[in-house]
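User: Hi! Could you walk me through this one with me looking at it on screen?
Analyst: Happy to, here it comes.

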Amino acid sequence: MLLNALVVALRALRRNLLRSFLTILGVVIGVGAVIVMVTLGNGATTAVADQISSLGSNVILVRPGQRMGPESSAGRSFELADADAVRSQVPSLRAVAPVASRSARAVHGAESWSTSATGTTNDWFVAGEWRLSAGRTFSDPELRSGRSVCVLGETVRRELFGSADPLGARIRLRGFGCEVVGLLASKGQGAMGMDQDDVVVLPIRTVQRRITGSTDVGAITVAVREAEAVGRAKDEITSILRERRRIEPGEDDDFMVLDTRQVASTLSGTIAMMTGLLGAVAAISLLVGGIGIMNIMLVSVTERTREIGTRLAIGALEREVLLQFLIEAIVLSSFGGLVGITLATLAARLLAGLLGLPFAVDVPITLGAFAFSAAIGVLFGYLPARRAARLDPIEALRRE
């Protein structure tokens, strides 16, 4: 009986192919939108995790103020002595790098490039797990005296020198020249879409004297030896800085101590929330598609009243008529779900490539979207099917 009802339902749908296609369009769009949103959201979450991990393992970021970004400058800057105190008083650390950064235009010959001039120490390379593709880092005399030497990121090297060898060459930064002594291996895009290779690294005293004109330290990057010690190290750093910055008990910190796992968790949570919101909005179109299926099925029942009456008159049971129309609705919604999954997978792969995000199909979400589309067919197809099954055969045969 089930197979016979399926054959009859498919024949009925084939007689009105255009109408059937327009009916499932809402389901196709709904399923496709949900899958695309969730797939891109998962890709963005994976990308954020990868980018945060590229900052280095067991890394703690210490910044003034209570917010990330430009508003963090509201907090009082650190000093080199703060970094020295953290280095000497927290035994579990393997690197402590004070950082002072400013935007600057790098010039070499006829080429120029707007970049970030980052003043720091050799611990910065250790904490961020940076490798050199050529050259060297800074010597102790260069760090102490603030000599005009620099290490170029891959983006700056490419923009200023192209295929030429920059080692030993001099570039200009804000009116002073510095010698290129090293080249960083490429890391690619970092957290929040920032190009990690777009940087010129100098001794921190050079940046303070030649660029910022102050002894301020904008941030301190700390690397912990063991992952298990990160929590304890954060507490010790917080205690040291509160004492040095004369923050009384009960007063809020005027700085942040964040480990990369916190940053990754915060960003991933934000992306997951936005993905869920967009997915929920997209799922509404599935309900719209279901309403479209119910509307068309009601029209179909009205058009096929005599056919239904004839079947009932020659002995068809109500449940058989009910099953026929219910299967028609389920076939429509399920086929729409399959088409939506196919188109969404292709679209998600294309968009992930354009946005530079990892592509990974979320199997549970895909199966869930298909199951939901089939359930839509049952939910919105039942009322028209029930109406068809309860027609009075005599009255139905009298209809024109």
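User: Thanks! What covers the buried residues of helix H7 (residues 204-212)?
Analyst: The cover includes helix H3 (80-89), strand E2 (93-108), strand E3 (111-120), E7 and strand E8 (199-203). Contact here is heavy atoms within 4.5 Å, and buried means under 20% relative accessible area, with exposed over 50% and partly exposed in between (1.4 Å probe, protein chains only). Helices (H or I, at least four residues) and strands (E, at least two) are DSSP runs, numbered from the N terminus. Before we go on: this is a predicted model, where local features need pLDDT of at least 70 and side-chain atom pairs count only at pLDDT 80 or more, while totals for chains, interfaces and linings use all residues. Residues are numbered from 1 along each chain as its sequence is written, and side-chain values use heavy atoms, leaving out hydrogens and water.

User: Good to know. Which residues of H7 are buried?
Analyst: Ile204, Thr206, Val207, Gln208, Ile211 and Thr212 are. Gly213 follows the helix with a positive phi, near 70 degrees.

User: And what about H6, which residues are buried there?
Analyst: In H6 (residues 154-161) they are Thr155, Val156, Arg157, Leu160 and Phe161. Their cover includes E2, E3, E5, E6, E7 and E8. After H6 comes Gly162, whose phi is positive, near 60 degrees.

User: Let's switch to E7. Is it mostly covered or mostly open?
Analyst: Mostly covered: seven of the nine residues in strand E7 (176-184) are buried.

User: How many bridges join E5 to E7?
Analyst: Four, and E5 (residues 149-152) runs parallel to E7. Val149, for example, is partnered with Glu179. Strands count as paired if DSSP finds at least two bridges between them.

User: Which way does E4 run relative to E7, parallel or antiparallel?
Analyst: Antiparallel, with three bridges between E4 (residues 132-135) and E7. Leu132 has Leu184 as its bridge partner.

User: What about E6?
Analyst: E6 (residues 170-173) also pairs with E7, in the antiparallel sense over four bridges, and Arg172 stands opposite Gly177. The two strands form a hairpin with two residues between them, and Arg174 in the turn has a positive phi of about 50 degrees.

User: Nice. Which residues have the most contacts inside the largest nonpolar core?
Analyst: Ile60, Val62, Leu152, Ile171, Leu173, Leu202 and Ile237, in a core of 44 residues. Another core lies apart from it, with 23 residues, among them Leu40, Val321, Ala385 and Ala389. A nonpolar core is a set of buried Ala, Val, Leu, Ile, Met, Phe, Trp, Tyr and Cys residues joined through side-chain atoms within 4.5 Å.

User: What does Leu202 touch?
Analyst: Leaving aside residues up to four places away in sequence, its contacts include Phe138, Val149, Leu173, Phe176 and Val207.

User: Last topic, aromatics. How many aromatic pairs are there?
Analyst: Three. One is Trp124 with Phe125, edge-to-face at 5.3 Å centre to centre and 85 degrees between the planes. Rings of Phe, Tyr and Trp (its six-membered ring) pair if their centres lie within 6.5 Å; planes under 30 degrees apart are stacked, over 60 edge-to-face and the rest tilted.

User: Are Trp124 and Phe125 buried or exposed?
Analyst: Both are buried. Together with Trp130 and Phe138 they form one aromatic cluster.

User: What sits over the ring of Trp130?
Analyst: The charged end of Lys187, 4.5 Å from the ring centre. That label needs NZ of Lys or CZ of Arg within 6 Å of the ring centre and within 35 degrees of the ring normal.
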